[in-house]
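Me: I've got a structure open and want to find my way around. Can you walk me through it?

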Amino acid sequence: MQFQLVQIVYWLALATWFGAVAFLAIAWPIVVRTLRQRNPVLPDVLSVNIDGQHGVLLSGEIISAVQAALSRIELGCAIALLLAFIGQFFVTDFRGEGITMILRAALYLGALGFYLYQWLSVWPAVQRFRTEFVENADDPEKANVAIERIGHYYQQAISALGIMFVLLLGLIIFSAGITPTHVILTSGGGR
């Protein structure tokens, strides 16, 4: 029973985390493409939409909002997955699986590292440069630098997202053979 409970937590957390990353990876280009095609104007930023920058800002704002919501889910999944990893030490048979166990731990830590990088570094920088762009929208020199920096951090976020996708997929693949601890049944020998 304990093995099943640990595995339920493990697979729910891993599948949800993987699904959140996959959703964002799929939604991001669709949002950007759609807004680029529509070429919106954001009058609260600047009435002139130079080089479609308003679409870039709006798509980034949408993706940032989605990412912020998913980030909390991802954090919960990462914590639940860590707890399930700890639980697996007590209910799982690791005989002959030492390399796989180390590989799974490395994949988890890699995905966690990229998650933390996005959460603590990339998205705060995007917000900072978005604010800088809006505040300096009437000064093309400063606004262009800010929009370039936003694009730079978007590329970093996309790269980190792709790497997280691969790491979590690897974790799924290398988790397929997890088995419960074998219980050795003895006969009543003292009869």
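**Around Leu 81**

Reply: Start at Leu 81. Leaving aside its neighbours within four places in sequence, Leu 81 is in contact with Tyr 10, Ala 13, Leu 14, Trp 17, Tyr 108 and Leu 171. Keep in mind that this is a predicted model.

Me: OK. Which residues touch the most other members of the largest nonpolar core?

Reply: Leu 81 is one of them, along with Tyr 10, Trp 17, Trp 28, Tyr 108, Leu 168 and Leu 171. That core has 46 residues.

Me: Which helices supply at least two residues each?

Reply: Helix 1, helix 2, helix 3 (98–135) and helix 4 each do.

Me: And which one gives the most?

Reply: Helix 1, with 13 residues.

Me: Tell me about helix 1, then. How far does it reach?

Reply: Helix 1 covers residues 2–38, which is 37 residues. From first C-alpha to last it reaches 53 Å, close to the 54 Å expected at 1.5 Å a residue.

Me: What comes just after helix 1?

Reply: Asn 39, with a positive phi of about 50°.

Me: Switching topic. At what angle do helix 2 and helix 4 pack?

Reply: About 30°, with their axes 12 Å apart. Helix 2 is residues 53–91 and helix 4 is residues 140–173. The crossing is left-handed.

Me: Which residues meet there?

Reply: From helix 2, they include Val 56, Leu 57, Gly 60, Leu 81 and Phe 85. From helix 4, they include Ile 147, Ile 150, Tyr 154 and Leu 171.

Me: How does that contact split by class?

Reply: Nine nonpolar, three polar and two charged residues.

Definitions and conventions: Residues are numbered from 1 along each chain as its sequence is written. This is a predicted model: local features need pLDDT of at least 70, side-chain atom pairs count only at pLDDT 80 or more; totals for chains, interfaces and linings use all residues. Side-chain values use heavy atoms; hydrogens and water are left out. Helices (H or I, at least four residues) and strands (E, at least two) are DSSP runs, numbered from the N terminus. The expected span of a helix is 1.5 Å times one less than its number of residues. Axes are lines fitted to C-alpha atoms, for helices over the stretch in contact, and angles run from 0 to 180 degrees between N-to-C directions. A crossing is left-handed if the near helix is turned anticlockwise from the far one by less than a right angle, and right-handed if clockwise. Contact means heavy atoms within 4.5 Å. Ala, Val, Leu, Ile, Met, Phe, Trp, Tyr, Cys and Pro count as nonpolar, Asp, Glu, Lys and Arg as charged, and the others, Gly among them, as polar. A nonpolar core is a set of buried Ala, Val, Leu, Ile, Met, Phe, Trp, Tyr and Cys residues joined through side-chain atoms within 4.5 Å. Buried means under 20% relative accessible area, exposed over 50%, partly exposed in between (1.4 Å probe, protein chains only).
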